[in-house]
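Welcome, and please have your viewer ready.

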Amino acid sequence: MVQALETLQETPSQTAGPYVHIGCIPRFSGIEVYPEDLGLSPISDGAKGEIVNITGSVFDGTGWALRDAMLESWQPDAEGRFAGQDGADPNVSGYCRFAADAESGEFTLRTVKPGPVTTRDGRMQAPHISLWIVARGINIGLSTRIYFEDEENDDDPLLGRIEQRHRVETLIAKKTGDGAYRFDIRLQGDGETVFLDL
């Protein structure tokens, strides 16, 4: 039964900051509740594949790097298998929770470069890492992906669905050195990152 709007009022939404770090990664905030924060790294010693460092910042509409951004990543191993799948690398959990530096606003994700993933209908997704971002001013966490400029991305099903083709570049990490990439996230304005409705 639908109730009249004056009976039930929507609860006001709130942004994720500034307490998200205290609740989700307390040791990062200087609070020692647990021996270590959940999801410190998506890999452990012995992970197979190329180890890469992805550095970037989350920028607001004014171009200011958010120093309170928290991110979560999810990815397959170097062969494109997720944790729990047959043959998956036991040293790749694929999950990581990390934060932007409180001084510079820059984050670094150290991980194994993921392999291509086969979809249920047999198509291949280009190697990518899924991201979820929360910070001040963000009422609902934002989802996006990191692809790599030195991989074959042309046939990726998700990238192929982006109608404004110039925006595909906002999902591509640029190679900056051996095993190093740069991936900046822009919340608004010129070069706004493509966000996914998941």
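Start by selecting His 128, which sits in strand β7, residues 128–134. Strands here are DSSP runs of E with at least two residues, helices are runs of H or I with at least four residues, and both are numbered from the N terminus. Before going further, note that this is a predicted model, in which local features need pLDDT of at least 70, side-chain atom pairs count only at pLDDT 80 or more, and totals for chains, interfaces and linings use all residues. Residues are numbered from 1 along each chain as its sequence is written, and side-chain values use heavy atoms, with hydrogens and water left out.

Is His 128 buried or exposed? His 128 counts as buried because its relative accessibility is 5%; buried means under 20% relative accessible area, exposed over 50%, and partly exposed in between, using a 1.4 Å probe and protein chains only.

Now show the neighbours of His 128. Leaving aside residues up to four places away in sequence, His 128 touches Gln 75, Pro 76, Pro 114, Arg 145, Ile 146, Tyr 147 and Phe 148 (a contact means heavy atoms within 4.5 Å).

Move on to Glu 50, in the loop between α1 (20–24) and β1 (51–59). Glu 50 has a relative accessible area of 35%, so this residue is partly exposed. Which residues does Glu 50 touch, not counting those up to four places away in sequence? They are Thr 111, Val 112, Lys 113, Lys 175 and Gly 179. For a distance check, pick the C-alpha atoms of Glu 50 and Arg 120: these residues are 70 apart along the chain, and the two atoms are separated by 26 Å.

Finally, zoom out and colour by secondary structure. Along its principal axes, the C-alpha trace spans about 55 × 45 × 40 Å.

Of the 198 residues, 42% count as buried. Among contacts between residues at least 6 apart in sequence, 66% join residues at least 24 apart.
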